[in-house]
Amino acid sequence: MAPSTSVSPMRPPGMTALALTAGGARGAYQAGVLKRIGEIPALRDAPSPFQIIAGASAGAINGAAVAAYSECLHTGTSQIAYLWGGLTADQVYRTDLRAMLGNAARFGADIALGRLGRAGRVHSLLDAAPLRALLDRELPLDGIARAVEARQLYALAITATGYHSGKSYSFIQGRAGHPQWRKSRRIALRAPITVDHVCASASIPLVFPPVALDAGAGTAWFGDGAMRLTTPLSPAIRLGAERILAIGIRCRQSEEELTTEELSDNSGGARATPPQPPLAQICGTFLNAIFLDHLDADLDHLIRMNNMVSVYTEGASHPPEMSQLREPMRVVQPLVMAPSEDFAVVASSLLNRLPSSLRFLLDALGTPDAKSADLTSYLLFDPAYTRALLDIGYRDAAARIDEIESFLRKNEQTWRVHRGEAGS
């Protein structure tokens with residue numbers, strides 16, 4: 001789906017976008033892909049090839065970092081990989097037993113006493129204060145404004161979900177005159193991106209607490225951007241992207257294998273009823289519905305729209321309803337990276353790396369089979385796990401590096417002319 005439009009001084013031509021959505025610790029995979037891209041010789045010491053960056057959930061962390069380091073792609077992607085490679089649980093949430101037990105006691109009191117005990121004091125499973133401190137220390141967000149001023153970056157969009165309205169809010173820092181929108185479920189607001197915007201977008205529902213942000217008319221509470229961002233490519237498209245590199249976190253091969261197992265008739269005999277899924281598996285499926293399903297569906301929709309637009313731009317007459325569109329359509333070229341390995345299987349082999357306090361809690365939810373250990377794959381903030389995901393992302397990008405380089409450099413000269421770095 002490609003609303004947009006004639007090129008103007010406000011909307012430069014030939015823009016390439018980076019679209020990132022992820023969930024929790026799985027964001028390390030994106031960092032691995034980006035690290036390999038940053039090593040492409042033609043891009044290594046050059047400004048970022050991404051004029052538009054759209055991030056949600058853990059992708060907001062990676063996207064904000066790429067935007068902040070727009071001056072040099074290699075420096076930014078190396079720093080992102082370094083951050084993920086050394087990440088520990090106590091840098092993301094409080095892991096001490098006292099904090100966990102205190103939260104559990106308050107939750108138990110809320111259930112037991114209800115209104116008599118002023119219920120509602122517990123807002124999340126974990127306290128994510130350490131993550132905010134880490135990002136405040138490690139993300140040089142002042143680089144975003146410099147990149148916009150230098151015309152290295154057109155816009156950065158960080159998406160979070162409003163807990164009051166349930167709508168998807170994209171907070172945008174970019175060039176003057178960048179598009180804004182207000183749809184039935186999606187709102188775009190101009191804002192200087194702060195650590196709070198990034199933390200709100202990465203606040204996994206139930207697991208991490210809501211974050212207060214200025215929503216224009218006042219302060220509101222926000223959570224993970226992936227919850228209501230059912231079309232994760234949309235912010236980049238609306239901002240004017242002509243090509244989008246999207247990095248997903250779903251292993252398609254594993255998905256097909258699980259589907260085949262679920263539909264299997266066990267060689268024609270009476271099919272045995274599998275064990276009822278434990279609560280941990282149900283929670284993992286819930287998070288998958290938020291983080292994994294939307295990108296594939298949006299990509300399918302974009303391909304269908306591209307096919308339709310192509311038909312009507314190759315000489316066929318336009319139907320009346322197309323000529324009356326407020327947002328004329330255009331073809332947008334996507335390139336999607338997806339993991340070659342199942343992160344749930346990787347996480348299941350490293351369960352002993354979870355903090356003992358969190359492992360105790362997850363044990364109470366039951367133990368799913370290895371291929372369904374999705375909940376752990378989102379919460380396992382440990383160098384052994386994040387480095388494994390970094391390596392998978394790096395290898396996946398290396399296997400397609402020629403295709404990626406060609407895609408990113410397709411309109412390089414057009415953008416250099418716009419930045420004033422080359423003659424027309």
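**Exercise 1. Locate Leu233 in this predicted model, and decide whether Leu233 counts as buried or exposed.**

Solution. Leu233 lies in the loop that runs between strand β7 (219-223) and helix α9 (234-238). The next step is to compare its relative accessibility with the cut-off, which is under 20% for a buried residue. Leu233 has a relative accessibility of 1%, and therefore counts as buried.

To see what surrounds Leu233, set aside its neighbours within four places in sequence; the residues in contact with Leu233 are then Ala19, Ile244, Ala246, Leu295, Asp298, Leu299 and Leu302. One of these, Ala19, is 214 residues away from Leu233 in sequence, yet their C-alpha atoms are 6.5 Å apart in space.

**Exercise 2. Describe how helix α1 and helix α4 are placed against each other, and name the residues that make the contact.**

Solution. Begin with the axes: those of α1 (residues 27-38) and α4 (residues 73-85) come within 8 Å and cross at roughly 150°. Angles over 145 degrees count as roughly antiparallel, and so α1 is roughly antiparallel to α4. The crossing in which α1 passes α4 is left-handed.

On the α1 side, the contact is made by Gly27, Ala28, Ala31, Leu34, Lys35, Ile37 and Gly38, while α4 contributes Leu73, His74, Thr77, Ile80, Ala81 and Trp84.

**Exercise 3. Find which residues touch the most other members of the largest nonpolar core, and explain why α3 is described as largely enclosed.**

Solution. The largest nonpolar core has 92 residues, and those that touch the most other members are Leu18, Ile37, Trp84, Phe171, Phe208, Leu245 and Tyr385. Helix α3 (residues 58-68) supplies the largest share of this core, with 8 residues. Another core, of 23 residues, lies apart from it and includes Ala54, Ala157, Trp181 and Ala236.

Turning to α3 itself, 11 of its 11 residues are buried, so this helix is largely enclosed by the rest of the structure. Among these buried residues are Asn62 as well as Ile61 and Val66.

**Exercise 4. Work out what share of the protein chain scores a pLDDT of at least 70, and which stretch has a pLDDT below 50.**

Solution. For the protein chain the average pLDDT is 83, and 74% of the residues score at least 70. Over residues 3-9, however, the pLDDT is below 50, although this stretch has 19 contacts in the model beyond near neighbours in sequence. Where pLDDT is low, the predicted coordinates should not be read in detail.

How values were computed
Residues are numbered from 1 along each chain as its sequence is written. This is a predicted model: local features need pLDDT of at least 70, side-chain atom pairs count only at pLDDT 80 or more; totals for chains, interfaces and linings use all residues. Side-chain values use heavy atoms; hydrogens and water are left out. A nonpolar core is a set of buried Ala, Val, Leu, Ile, Met, Phe, Trp, Tyr and Cys residues joined through side-chain atoms within 4.5 Å. Buried means under 20% relative accessible area, exposed over 50%, partly exposed in between (1.4 Å probe, protein chains only). Helices (H or I, at least four residues) and strands (E, at least two) are DSSP runs, numbered from the N terminus. pLDDT is the predictor's confidence in each residue, from 0 to 100. Contact means heavy atoms within 4.5 Å. Axes are lines fitted to C-alpha atoms, for helices over the stretch in contact, and angles run from 0 to 180 degrees between N-to-C directions. Angles under 35 degrees count as roughly parallel, over 145 as roughly antiparallel, 65 to 115 as roughly perpendicular and the rest as oblique. A crossing is left-handed if the near helix is turned anticlockwise from the far one by less than a right angle, and right-handed if clockwise.
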